[in-house]
Amino acid sequence: MLQIFRKKDGAVSVFLTIILVPMIVVSCLFVDACRAKLAEPVVSSAGDLTLNTALTQYDATLNDYYGLMASSQNVDEFLNNANEYFQACITSQGVSASEGKEFADEISGLLTGRSSDITDLLQISETEGSSFTIKPVENGTLENPALMKKEIVEFMKYRAPIDGVSDVLQKFKDSSKDLTDAQKNADLVDKKQKFYEEEGELVKKSKEAYDKLQEYINLNITQESVSEMKSSFESVENDYKNLHIKMVKDLYNTQRLAQYSKSDLYENWKPKENEIQKGQVNSYINNAATSIRDFVNAAGHLDNVYGQMPKYQAGTVYDIQYWVACNEILQQNNYYSNYVSKAQSLCKNMAKLKAAMDQLSDEEKEESYTLKNYKNVDTYGEKKRSELYEGLSTQYENLKKNYITNSQSAYNQLAGNLGRISKENIDNITTGSTDEKVREIANKFNEYYTKYDNAYSLIDSAVGLLKAAKSRSEEYQEKYRTWKNAADQCNTTMGEEDRKEIADLNDDVFKRATPEKIQELIDRLNNVKSLLGNLKKAIDEYKYNGTSVRKIDSYSTLKNKSGVNANKISYKKQELEKYTQDSFKFTTSSAIGKTGITDANNPAIDKVNTPDFYNWMKDRFQDYDEEKKNQAEKDKEEEEKKHDDKVKDANQANSDAGNEIKDIADRPSAAYAALLQEGFTDGKVKASKVASIVSGLFSDFSGTVNQTAVDLRDDLYTLDYIMNMFSYDTFEKEGKYHLCGGGVNLSNYESNYNAQSEAWNNEAVTFSENKTLTNKMINSSNNYSYGNEVEYIIYGNSNEKNKKSAYGTIFAIRYALNLPPEFQENWNDTTLKGMAIAIESASSGIIPAPLFKLVVVLGLTAAETASDMQYLKNGMPVELVKNKDQLTWTYAGYSEKAVSGKGFFYSDYLKLILFTKLTGNNEYAVYARIADVIQANMGQKISNNSGFVMKKANVYYSAEANLKVEPLMLNLPLTSDYSGSVSDGIIGQIKYKAYKGY
């Protein structure tokens, strides 16, 4: 059998030859596959090494001063060269280029008989169009509040273990009940003050309504006066009818009548001797002739007019209207006056001619004269003067006989009748008495209307004020319930005292000034107002031809509103009487029937069925003295303002404003709005604001501080970091106070602190009072806004506003804590009680006694708190919770007390406020402002204006690359001829992405 293996006829060689090439190809495949797999850890290692190298470029100064790890401000050069560094890292590790070439040549020679250019056995390279990139992670700088918090906590873990902050937590725990009670007390005082303020407002509104009602009552509107008015109106219609008749018959169209009388026509007139010149006789002849002509024309016109005139018949015509009818015709062309004028001229000229002819001699009379031929003149032509005179005289005498002296002539008839009528009726056409009567009626109506209108307005105003008083009463009742509920639920000493006060409340206002009693008076007044409205309407409804008689206050108005048509006024008696009756239109009131008076609407509210609330107002205000009330209000205002200056000064910071952190460029906190100002920044103290501030700070304070230290660890670490790394307003003063070792007060602190100036500037590393946790000096050389930093971190506004907010908030806390001892000491003070009662009496209850006491006690609380602030702002502590014996301000006056070293400092209150911010919903704003402060200090001070910004302080980097592994064996001729070459020249792709940070 062994012989089989000893055969040498070549069968195995043939088999081996057949499988040799496939085996070589498979081996090459495995070699390249292993190379591709081996490239992955090589790439990962190279990337991690590059990222670690990037992290070595950290900011040593930032770490040295603030314990924070972040990149240097300029790492661009390193990042630009990172690709070359990465490429070097991915070259085959531990194999030199010459060795790699030698090894590759041997393999190539065996397989192909040729040498190779390969120097890197792994042959890892970047894919086309890509490159290795390393860059800071977006939002991965200390500008990110979350990263700032992480770094601070990491730093504090090694600087201050959890036990190191437990004393701060314990201090807060010890104070939590006092602070929670302070919030309850402030809220209780606020509700108590609002209750008494509401009582004052209720009484004040009631007084305003009472004043209006007194004005109304002084108008003396009673059931009797209303009846008297109704009686006086009964004759008005008849009075107006008489006025109407008078107006239509005698006045309406008679205001421009001409006065007629029989005129002297000069028929017996003779001229004086010196008036006649015989040399002018020809002129006299001519004048006489023209006068005859003119008179004949005038007489003819008058005759024609007279023929058109109504004929006077006694008993059938109304004289005044006959006068009007004739006057209208005569005045159209002045024929009547023209007749008189021409008649007078004729008589005079004929008398002159006669006198001139009498002076002529016979020869002169015989002289001839040519007279022009005038119309209606009988004598004319060239004739002797005597002939002309005789002809003119004859015609003149005829004219006198027919016209001038004839009683039946038109003129004499008109002059006789119209003269008599005008003389008899001249007084009847004057408007004086009618005007007076119209005014008398209008005045009477207006007097009543004005009285009722004033009463209506006063009642309306009173109702409005009473509605406001009712709202105040409802609010007063609600404020009572709110105060009572708060007192019932308040387990503090003040709560117990308030419960006693509520039980002993004076019920004069509480039970008599109720919404129901006020509504009863309102209902009565509304009924009275309705009555007054009907009375006004009734007065207005007395109308002459559609116009209220109270608006007709003169004859001219009467005439304008009468509706009379002048064309319908006839001189005929019968027609005139009919039109006078037909044109009279007068209406009386339908509303007068709605003016009945009962107990429900009796206008005498003070005498008939008087509502109880009115009696309450009368009892309270009938002896009201405006001067005393004003003095009481002045006294109250003086008490309110007494301590305003102290409060305002208490909120002023120590140091100058200094550099403003909020103004630096590229602030990390720019995305976080500054907190609104808190506390009292204007010197005005209100319990409601105190309650709001303290409640906002400490609403869940007890529950928060009673968590375990581990739960609060990060917040406490940050709190400790802020207070030990940055400055605040009293930083130096508190440090010097500690150096003094006691014996410091308001009167000697300046001299004591000055004595410690040299010790305070100690730079020795063993002296920690003026140094950070990294043992760096906290001073103006290292801190850009020295004395303002912690306040900025809390509030994020200007230095002035930040400190006002800090002091104002601390003021609110101290104010709330000072309320109990001030009330305990002063509320029942005998002198204060007497003063309060006097104020209430002087103001008729507008300023209730308890409200005045509240003003005084709250003012003393403000003064006490202002005094506390003086201690705090000058670096001294103040007892957190005082008893009444520790007060400096009482109603008796001011007395300074010794400083206790066991109280809270200004910095302790900052810790308290910071703690509430960090444990609240606004912590990222705090961390962002920590970044602001560090950026300002690093950029402006420590690094000498280097332009340091947090957005360049990188904490995290990312690296990314797309790589390929090229074939080494599979592309050799032996393998490629057998299996074909790798078409894209890639046997493996590697996508690398990694993050690293401090």
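Predicted model: local features only at pLDDT ≥ 70, side-chain atom pairs only at ≥ 80, totals over all residues.
Trainee: Why is valine 12 called exposed?

Mentor: Exposed requires over 50% relative accessible area. Valine 12 has 57% relative accessibility, and therefore counts as exposed. Valine 12 belongs to helix H1, which covers residues 11–55.

Trainee: Which residues form a nonpolar patch on the surface?

Mentor: Val12, Phe15 and Leu16 form the patch, and together they have about 320 Å² of accessible area.

Trainee: What makes a space a cavity rather than a pocket?

Mentor: In a cavity a 1.4 Å probe fits but cannot get out, whereas a pocket is an open set. The search of the whole structure finds one cavity of 30 Å³ or more. The largest cavity holds about 50 Å³ of space. Its lining includes Tyr65, Tyr66, Met725 and Lys776.

Trainee: How is the lining of the largest cavity divided by class?

Mentor: Six residues are nonpolar, three are polar and one is charged. Tyr65 and Tyr66 are in this lining, and Tyr counts as nonpolar.

Trainee: What is known of the largest pocket?

Mentor: The volume of the largest pocket is about 620 Å³. Of its 25 lining residues, Met723, Asn724, Tyr728, Ser907 and Lys911 lie nearest the centre. Helices H6 (166–217), H26 (713–725), H27 (731–740) and H34 (906–918) each supply at least two residues of that lining. By class, the lining of the largest pocket has 10 nonpolar, seven polar and eight charged residues.

Note on methods: Residues numbered from 1 in each chain as written. Heavy atoms only, no water. 1 Å grid on protein atoms, 1.4 Å probe; cavity = no way out; pocket = protein on both sides within 12 Å on 5 of 7 lines; lining within 4 Å. Points joined across faces, edges and corners; volume = space filled by probe spheres on them. Helix = DSSP H or I, 4+ residues; strand = E, 2+ residues; numbered from the N terminus. Patch = residues over 30% accessible without salt bridge, like charges linked within 9 Å, V, L, I, M, F, W, Y side chains within 5 Å. Areas by Shrake-Rupley, 256 points an atom, 1.4 Å probe, with all protein chains shown as cover. Salt bridge = Lys/Arg side-chain N within 4 Å of Asp/Glu carboxyl O. Buried < 20%, exposed > 50% of the residue type's maximum accessible area, 1.4 Å probe, protein only.
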